[in-house]
Amino acid sequence: MAEEVDVVVVGSCMTDLVSQAPRLPKAGETIHGHKFFIGFGGKGANQCVQSARLGAKTAMVCKVGKDSFGSNYIQNFKDNSVCTAFVTQTEEAMTGAASIIVNDAGENAIVIVAGANMLLGDRDLVQARSVLEKAKVMLCQLEISSHISLQALRMARQCNVKTVFNPAPAIPDLHSDFYKESDVFCCNESEAELLTGARVSSVDDAGHAGLELLNRGCAAVIITMGTQGCVVLQASNPEPKHIPTTKVTPVDTTGAGDSFLGALAFYMAHYPSMPLEEMSKRANLVAAVSVQSVGTQTSYPFKKDLPAELFMK
Ligand SMILES: Nc1ncnc2c1ncn2[C@@H]1O[C@H](COP(=O)(O)OP(=O)(O)O)[C@@H](O)[C@H]1O
Ligand SMILES: *[C@@H]1O[C@H](CO)[C@@H](O)[C@H](O)[C@H]1NC(C)=O
């Protein structure tokens with residue numbers, strides 16, 4: 001019997017294999033780099049870990065390979081107090097991996113192999129139903145098969161669990177049900193651009209794109225805008241609201257969007273009657289902390305590192 005949790009994430013796990021080199025190699029070339037490290041990534045797992053670090057009881061529904069990367073990832077979830085009862089290991093594919101080369105100018109070249117993530121299937125969802133139906137919030141993205149993400153949204157809705165959908169990485173012809181099954185549809189500027197076909201570079205643009213997305217049937221839309229915070233729209237009050245954020249000196253913005261989403265899910269689960277604008281304002285502040293140190297999950301703050309105001313009713 002699964003324990004009751006606040007936030008269930010149905011999504012991806014990726015092992016980041018990062019090499020830092022003076023420049024990116026050309027085809028057929030071998031060059032020497034100066035640093036190598038392995039990091040824990042994948043949008044689903046990132047969002048789940050951020051939510052857990054703020055104090056949400058979380059469970060991850062995902063698939064990794066029966067390999068050392070998969071076993072290490074399961075240990076990483078345990079270290080972050082994420083329930084792993086619905087994390088399965090397959091012999092059919094390797095754990096998802098991102099081979100990343102970063103040059104001294106901060107540019108990168110990345111190859112992602114989704115591997116085991118694409119084998120998360122209907123049976124895994126059915127098995128996770130016991131934990132999903134009692135959760136407060138279900139969060140999913142598009143780094144697994146889109147059919148499974150949509151099924152997860154439908155299943156959560158049927159059980160009256162609030163749904164947060166992050167259409168990342170964005171696909172141009174997203175099934176219309178993704179909008180209808182989302183309580184909160186949250187994406188960044190480039191994703192909003194791809195989904196609406198309209199340019200999104202200003203807060204005004206985001207307001208227009210947000211309205212277009214809202215009209216496709218979501219209960220609320222959030223478009224994140226980096227240093228400009230985010231724009232929030234709700235079907236009950238469709239006037240776009242700009243939620244600015246504080247100015248900080250960014251060190252590494254990788255995974256900022258995932259930090260925002262994990263925080264948002266935490267607030268939705270813990271303070272269900274808080275206005276979405278207030279949750280977004282607080283999620284901005286959590287994500288702003290994450291951009292001030294290096295790495296993805298390594299930069300995500302814990303509750304103890306944050307001001308007490310972020311946890312007041
Ligand atoms: N330079 C920054 N300064 C302060 N907050 C930031 C910065 N970059 C990102 N954020 C915060 O992280 C959130 C997500 O960032 P964004 O760049 O929109 O997403 P993504 O990670 O998908 O590119 C923003 O809404 C904002 O709250
Ligand atoms: C939005 O997120 C995608 C990943 O899904 C990323 O590739 C892209 O750079 C982000 N865009 C912005 C404007 O931050």
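How many Å lie between an oxygen atom of ligand 1 and a polar backbone atom of Gly229?

Modeller: The distance from the polar backbone atom of Gly229 to that ligand oxygen is 2.9 Å, which falls within the limit for a polar contact (a pair of N or O atoms within 3.5 Å; inside the protein, one must be able to donate a hydrogen and the other to accept it, and residues adjacent in sequence count only if both atoms are side-chain atoms). The model is predicted, so local features need pLDDT of at least 70 and side-chain atom pairs count only at pLDDT 80 or more, while totals for chains, interfaces and linings use all residues. Residues are numbered from 1 along each chain as written, chains are lettered from A and ligands numbered from 1 in the order written, and side-chain values use heavy atoms, without hydrogens or water.

The backbone of Gly226 also has an N or O atom 2.9 Å from an oxygen of ligand 1, and for Met225 the corresponding distance is 3.4 Å. On its own, ligand 1 would expose 550 Å², of which the protein buries 83%; such areas come from the Shrake-Rupley method with a 1.4 Å probe. Around the ligand stand 16 residues, and those that come nearest are Asn188, Thr224, Gly229, Gly257 and Asn284, where a residue is near if one of its heavy atoms lies within 4 Å. This shell holds 8 nonpolar, 8 polar and no charged residues, with Gly counted as polar. Helices H8 (256-270) and H9 (276-290) each give at least two residues to the shell, helices being DSSP runs of at least four residues and strands of at least two.

Turning to the record, an unreviewed UniProt entry annotates Asp252, Thr254, Ser290, Ser293, Gly295 and Ser299 as "binding site", though such annotations may be inferred rather than shown by experiment. These residues are spread over 48 residues of sequence, yet they cluster in space, with a largest C-alpha distance of 9.8 Å. Thr254 sits in the loop between strand E14 (237-243) and H8, and its side chain makes a polar contact of 2.4 Å with that of Asp252. Gly295 belongs to the segment after H9, and, apart from neighbours within four places in sequence, Gly295 is in contact with Asp252 and Thr254, contact meaning heavy atoms within 4.5 Å. Thr254 counts as partly exposed because its relative accessibility is 44%, and Gly295 is likewise partly exposed at 21% (buried is under 20%, exposed over 50%, partly exposed in between, with a 1.4 Å probe and protein chains only).
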